[in-house]
Amino acid sequence: MLRQKFLVDFGSKMIIYFLTALTGILVSRMVGPKILGTIVFGYSFVSMFFFMFGLFGTSHIKLISEGKNLKNCNKIYSTIIFITFILFIVTVLAFFYIQKYYFNKDFTHEEEIIIYLTVGVIAVHGLYKIPEITFTALMHQAKINFPVLIKAVVYNIARIIVVLLGFKAIALVSVNLASAIIIVPIYYYLLGKGFFKGKWDSNLFKKYMLVGLPLLVITISLSLTDHYAKVLLKDFSSTIELGYLSGATSLASMLILLGGTAGTLFFPLFSKAFAEKNYDFIKEKLFKFEHFLFIFILPVIIVLSVNSYTIIPFLLGNQYIPSVSIFSVLVFFSFFKIWEIPYYNLINGINKFNLNAILHVFFGIFFFLLLYFTVHKKYLNLGGLGFAITLLVMSSFKLLTWYFFANKAIKIKFDKEILKFILFFVVIYLSGNYIYKIYIFDLNYYLKFAFLFLYTISIYLLLFLFKLMKKEDVNFIYELMDFKALLSYSKKEIKKK
């Protein structure tokens, strides 16, 4: 059943990704990096405060997975989110007006309109937290993904129509708001009639606070590094540079989807296993995940990074050539991001929220110091590339930190086979990079994509040759792709109330 849940989530996200990526390529090529950067700036400016909606999601998942009264939990959590909805709008608008009138920050007319529209988009997404977090706690994966899939279809069709009609940034943000509102009734239907009929339990509310308050520090740190950092990039360099970063990120984001999928499944799973003191179960899932990561994900990372000068110009056009080096770094960032997530969720699952909060303060300080050094004109002045390098360094550092504390808690035995994989892929990457730069770089696209295909096949053949990949790994993928079981699971869950 866990495989079906994983495949429902990752499969639907892959569909969304390809739909969004194809649309994004068309939109990016037609509007250019400046318009794209303007949209991302408005989104990042507003999203800095989205952390307000995430303060008690972990509490909700943890308390439900530990067997607390479901309806009472839903009553408390939905009340918190509705109050947060109002506070979020007031806070963002207050911050915007202070920036504009007190600090005299220069916003263009287009940026102002985009900020107003994005407040609506992000606020509605905040309301989504009620069904999304509840379904995550219950591990009802199909109910999480179905509405998001509907939104993606509506939104991306609307985006195509908008750009073909010649409209730009404001229209693109407007259709995002419209598509967000459309799926609210779908979520309401999936929640069921009795969802909001629980009782207010003050003792239960205190438990929400106990877990939620340390998360205030964590979510603020994540919000600043995810969103305010992009605002800083625009201030330190330019809107166009932010557009280059966004173009590269849009293509690398497919890989980060896998990490998000692992996160939504691992946290309630680990929380329950830890409560039952089933440490062997946790270790087994971590081992299998890491093996999957090195067999099926890292080869894709290597291929994408080596062939970045083929992929970026072909998909986004020559106007995004500066995105090539950014993309090469971001794909490796996505690998470490995926690798760190199970350990991060393990730390939360074993109730180390205060430790997590302290570490995030440290991570946030280190991140912005490194970002300032890599991006600011006084120092390295690397723009979007500096941003990507900062993300990569921070993600690898976080992985080592999470692993250290997870190992202290449940004594995770290090898998020495990982060292063989690392050595193998270092050689594969360096040799592939050398061949591409010397022999492939100046060839036409047909030959470049032929190399991409042959390089991919060669990696997997060598994995078999060196016995790093085995027959059971192929069988695992075959079993994972059991679409009959997948459809049966999805239908059963959607109908469940």
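1. The model is predicted: local features require pLDDT of at least 70 and side-chain atom pairs count only at pLDDT 80 or more, whereas totals for chains, interfaces and linings use all residues. Residues are numbered from 1 along each chain as its sequence is written, and side-chain values use heavy atoms, with hydrogens and water left out.

2. Helix α5 spans residues 129–138 and is mostly covered, nine of its 10 residues being buried (under 20% relative accessible area, 1.4 Å probe, protein chains only). Among the buried residues are Glu132, Ile133 and Phe135. Met139, with a positive phi near 60°, follows α5. Helices here are DSSP runs (H or I, at least four residues), numbered from the N terminus.

3. Helix α4 (residues 109–127) packs against α5 at an angle of about 35°, and their axes are 5 Å apart (lines fitted to C-alpha atoms over the stretch in contact, with angles from 0 to 180 degrees between N-to-C directions). His125, Gly126 and Leu127 of α4 meet Lys129, Ile130 and Pro131 of α5; contact means heavy atoms within 4.5 Å.

4. The largest nonpolar core has 133 residues, and Phe88, Tyr208, Ile302, Phe327 and Leu330 have the most contacts inside it. Such a core is a set of buried Ala, Val, Leu, Ile, Met, Phe, Trp, Tyr and Cys residues joined through side-chain atoms within 4.5 Å. Beyond its neighbours within four places in sequence, Ile302 contacts residues including Phe332, Phe425 and Tyr455.

5. Asn307 lies in the loop between α11 (279–306) and α12 (308–316). Asn307 has a relative accessible area of 0% and is therefore buried. Not counting residues up to four places away in sequence, Asn307 touches Tyr436, Lys448, Phe451, Leu452 and Tyr455.

Methods: Buried < 20%, exposed > 50% of the residue type's maximum accessible area, 1.4 Å probe, protein only. Helix = DSSP H or I, 4+ residues; strand = E, 2+ residues; numbered from the N terminus.
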